[in-house]
Amino acid sequence: MEFRVEVDGVEISCLTCKQRDVVYVHGSGCDAEVWKKQLCDVGGVAIDLPNHGKSGSAEISSADDYARYVAGVGRELFGKATFVGHSLGGAVVQKVYLNHPEVVKSLVLVSTGARLRVLPEVFDFLLTHPEKGAEAVVGMAFASNVEEREEYRKLFCERAKTLVDDLRICDRFDLLDDYRNGEIEIDVPVLIIVGSDDRLTPVKYSEFFRSVIPNSELVVVEGAGHMVMLEKAEEFNAALKDFLS
Ligand code: COA
């Protein structure tokens with residue numbers, strides 16, 4: 001089922017199948033559909049970030065800007081929720097916790113990091129050669145040949161500009177030293193999930209989270225790449241359900 005929530009004058013498009021106080025946030029160039037294998041099995045609400053999918057447009061220049069809209073949806077629908085973020089979405093849910101802690105019950109950090117530097121050549125390549133750029137990104141994002149691979153190759157090619165805008169936000173996102181210095185202390189339960197073969201946000205990034213977030217649990221899904229929730233949905237959903245219960 002599709003519905004909309006208005007936050008600060010922007011219509012945020014939401015997708016759901018089964019009720020649960022969980023908000024899913026997609027990564028760069030994606031939309032709510034990336035959570036299609038979780039919505040009916042685990043439950044919750046997946047949103048299209050502003051300027052993505054069926055959501056309205058907004059001025060966005062940082063993960064903090066996205067976090068305002070995500071927190072607004074969580075507040076409006078549930079008061080307090082579990083926020084699940086993939087890649088860029090993982091950066092956004094960290095900012096939801098830091099900037100709007102009153103709406104956060106727990107966090108799930110999926111294929112993400114405390115810093116998300118991007119290979120510099122990816123930006124130009126995507127803008128000048130979207131076909132080849134999308135092929136390269138998909139090659140790094142999927143570790144297996146699941147059917148969605150082709151779908152996302154086409155999507156990243158069509159949305160090359162959006163993807164580049166999002167990747168620029170990732171590139172500027174950096175909380176690494178704040179975690180290291182103890183300036184960030186997360187005191188809600190955190191589940192960290194990563195694929196063993198993730199080439200965009202390597203397992204090392206997730207192990208870092210595990211080392212600095214006391215109440216956290218790390219699940220490494222064997223054989224999965226960056227798109228772990230699509231590539232190994234059964235294992236992913238089992239870990240998520242276990243955490244939520
Ligand atoms: N968590 C923990 N450690 C991290 C980290 C994170 N999120 N991000 C970086 N680091 C570590 C690196 O592993 C490295 O450690 P080392 O010195 O022990 O090897 C150090 O911090 C510096 O890394 P980084 O800031 O990434 O700079 P770099 O110059 O080494 O590498 C890139 C820059 C872009 C080549 C590199 O980040 C990369 O390969 N990124 C993955 C590809 C990509 O584009 N991903 C998209 C993410 S959305």
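In this predicted model, helix H2 (residues 63-78) lies across strands S1, S2, S3 (22-25), S4 and S5 (81-86), and runs at about 110° to S1. Helix H9 (residues 203-212) likewise packs on the sheet, where H9 touches strand S6 (104-110), strand S7 (190-195) and S8, and the direction of H9 makes about 160° with that of S8.

The sheet itself is open and is formed by 8 strands, which follow one another in the order S1-S2-S4-S3-S5-S6-S7-S8 with mixed pairing. Strands S1 (2-7) and S8 (216-221) stand at the edges and have a single partner strand each, so that one side of each is left without a neighbour in the sheet. On average, and with direction ignored, neighbouring strands of this sheet are turned by 25° against each other. Within this arrangement, strand S2 (residues 10-16) pairs with strand S4 (residues 45-47) in the antiparallel sense over 3 bridges, and Leu 15 stands opposite Ala 46 in S4.

A contact between two helices was also examined. The axes of helix H4 (residues 121-128) and helix H5 (residues 130-141) come within 5 Å and cross at roughly 135°; H4 and H5 are therefore oblique to each other. On the H4 side, the contact involves Val 122, Phe 125, Leu 126, Leu 127 and Thr 128, which meet Pro 130, Lys 132, Gly 133, Ala 134, Ala 136, Val 137 and Met 140 in H5. The residues of this contact of H4 with H5 divide into 9 nonpolar, 2 polar and 1 charged.

Methods:
Residues are numbered from 1 along each chain as its sequence is written. This is a predicted model: local features need pLDDT of at least 70, side-chain atom pairs count only at pLDDT 80 or more; totals for chains, interfaces and linings use all residues. Side-chain values use heavy atoms; hydrogens and water are left out. Axes are lines fitted to C-alpha atoms, for helices over the stretch in contact, and angles run from 0 to 180 degrees between N-to-C directions. Helices (H or I, at least four residues) and strands (E, at least two) are DSSP runs, numbered from the N terminus. Angles under 35 degrees count as roughly parallel, over 145 as roughly antiparallel, 65 to 115 as roughly perpendicular and the rest as oblique. Contact means heavy atoms within 4.5 Å. Ala, Val, Leu, Ile, Met, Phe, Trp, Tyr, Cys and Pro count as nonpolar, Asp, Glu, Lys and Arg as charged, and the others, Gly among them, as polar. Two strands pair if DSSP finds at least two bridges between them.
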